[in-house]
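Subject: Handing over a two-chain model

Dear colleague,

I am passing on the structure we spoke about, with the sequence alongside.

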Amino acid sequence: MLNDFNSLEREGLLRQLSYLRARLLAIEGMLNGRAYIDIARIATAIVTNAKIGSVGANKITTAQMNVATDLYVGDPNEGGYIHFDAANDRIVLYDDDNARMVISDSIRISLPGYDALTDTNLDHFGLYTDADNILIKEFARGSTTVTTAEQTKLITHGLDYVPMFLVFVYDTVSSTWQLVPHFQSTFVVPPYGATADTTYLYISNFTANTTFVYYIFYDNMVGSSAKTITESENVLKASKLGVNALSSVDPNDYIVHSDLNTFKIIKEGTYPITYSADGTYSLKHYAQMSNPSACLVFIKFPDGYAALIPGNGACNSKDYNFAAYQCSLNTTDISFKLARLGGSGTALVVKYYIFETPLS
Amino acid sequence: MGNVFLGDFETGDTSQFTSASGAIESTIVKKGLYSGKNSDNQNFTKTLASALSTIYIHGYFRLSVDPSSSVGWFVVVGSGETTGQFSLRLTNGRLYFYLDNNPTAPYMGSTQLTNDVWYEIEIKFVTHDSTGSFEVRINGQTEIIASALDTKNSTDTGIKTVKWQGINAAGYCYVDQCAINDDTWYYNPDEFIIKITKDTYDALTEENPNNIIYHSKYNTLKYYLSGNSSITVVGDGSDKSTTVEVTHSLGFFPVGIVYVNFFTQNSPTSLQYAIVPHVQNTLTTKREAHAWIDANKLYLQLMNKSSSTYTAVFYYKIFKNRLGF
């Protein structure tokens, strides 16, 4: 009997010992993790409520801390840090010198060198969801070879509306990449063509076998059939105004969605051009890419209006005094041709955007 | 070694520099409590103990007046033991890099700088008579780059004196965080990145752009206005055109992309869409679609040279990205 009692008591003591040991390990684990607490600078009397709900073997599993004003993670005097700014209901991520990401009732992410808290120039932001500044979202991208034997390759998108799309071709004659417009002529067979309808992207090649790069975007140009996507388990998304980000799975309801690739501008720049004679004009783009292929180039003519310069095609000034044509891109230069058809203007300006290249 | 000089003006005077004619500024400051202020060819100069054959020169710059029509705004000047080696100048609002051994052939940048904005500008310069090179970055992004050059002027083998110099015009050029490194960039934009990858890809390691949804280093196209406009041109056999104006009222030249519908030659009942400008020529007809944009409007034009009436629908997207015209 005594042995039985001692046995039960021993069992109870062992259980108590085990429990206390677990608590000790938990506290030890928390203390081991104090480095994480050390980098959080908590000002005096700003934590209005702090409680630990439960602890695991070596971590706090549930906890709550109400911060009245400020919580800094990282040292503001030593480079990048995060500021939980309760007074303004926002979280701000800083690099060495600038606020780069602000999360409040919107998300702003500035480009390097610009302050996301103070800057308001949209060109200094990659993401700015305060209004419907929508990032075009890719449905598909890729590169494909189209032979002269097949002439036209069909890329199925099946979106049931005509999407925004861009196609670029590697022109084997000039060894450059060019934006493909669509020209039809009974007199001269155009070398390339790109069109779309509600089902397909059509890429045509009537010259030497070559490679095309294409981008098809969810963003509709014609029609508005609602689309749905199957979202990943973990997503980051910002919806348009008036759309519930918790329920909508239509890609066109979003300014940005982490399941959908954005169309990143690798390099952009402006150049003044002084017309001197009909012919080819070139500029250095300095994009640090081994394989640039996608480029949009706009030109402002002396008449004061701007147009997009195509690859195997031409745009005219609004007064038809100028034509700009055969815009092309290689690893160092952007080139195009100018012809003055009338007038005496000489001052033109070019703006270029070089985009990321799909990798196969 | 890394950083060999930092002139951050936080001493409240110019004592960090070897010599200086610029003033101390405490209101317009990029970092800390003080910056420097140059006007009319004033400068802050640092002369190193010995010349560096590879040098990184950093500074924040901010102009008080619009530089778009001003000529000869010096930014940074690098000199060797005996003579000048290079200068980075701001002319008409854009950077020009001059090698002193070939001063008539500067390298031009493509970014139009404006007033009242801090720009983080850094130069890497390698002195060599055949494998010399230089790179200029604005906000961590390459602006101008060239290699395999003769960058050596006279017998100097490196840069010993650096001037963060003022301007030859009205107004001020503010400078801050004037720094010299000898083996790495002072500002590395890759040290702070917000990157979002597709599901199942590791944002810490993924480099394939196909799998990176968003990257804070890169700008994006941001659109805000979409629409369409149907244009009909009555044909009489001569060149006829109609232009429709779409008002965007942005006050700047934005990016605009336009598509137009048309019937393909091979299947004339199939309506397809192509980017504008677009041209269709046949033996009897000529139809063209054009688009132009300015600071207030998008102009859509259909031209029809045929004996029959022709209608096309233009579809457009206007982005808030500035063309800078």
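Within chain A, residues 24 or more positions apart account for 55% of the contacts with a separation of 6 or more, a contact being heavy atoms within 4.5 Å. This is a predicted model, in which local features need pLDDT of at least 70 and side-chain atom pairs count only at pLDDT 80 or more, while totals for chains, interfaces and linings use all residues. Residues are numbered from 1 along each chain as its sequence is written, chains are lettered from A and ligands numbered from 1 in the order in which they are written, and side-chain values use heavy atoms, with hydrogens and water left out.

Chain A has 360 residues, of which 48% count as buried (under 20% relative accessible area, with a 1.4 Å probe and protein chains only). Its secondary structure comes to two helices and 28 strands, taken as DSSP runs (H or I of at least four residues for helices, E of at least two for strands) and numbered from the N terminus.

Turning to the interface, 83 residues of chain B are in contact with 94 residues of chain A. Together the two chains bury about 7800 Å², 59% of it on carbon and sulfur atoms, where buried area is the accessible area (1.4 Å probe) that two parts lose on being put together, summed over both. B:Asn219, B:Trp292 and B:Phe325 supply 9% of the area that chain B buries against chain A, more than any other three residues.

Two salt bridges are found across this interface (a side-chain nitrogen of Lys or Arg within 4 Å of a carboxyl oxygen of Asp or Glu). One of them joins B:Lys31 to A:Asp97, with the closest N and O atoms 2.8 Å apart. On the side of chain B that touches chain A, strand 26 (residues 310-322) of chain B gives the most, with seven residues.

The chains also meet through strands, since two strands pair if DSSP finds at least two bridges between them: two bridges join strand 10 (residues 134-135) of chain A to strand 19 (residues 222-233) of chain B, and these strands run antiparallel. There, A:Ile134 has B:Tyr223 as its bridge partner.

Within chain B, seven strands form an open antiparallel sheet in the order 2-5-14-7-8-9-10. Strand 2 (19-20) and strand 10 (107-108) of chain B stand at the edges with a single partner strand each, so one side of each is left without a neighbour in the sheet.

Best wishes

Definitions and conventions. Buried < 20%, exposed > 50% of the residue type's maximum accessible area, 1.4 Å probe, protein only.
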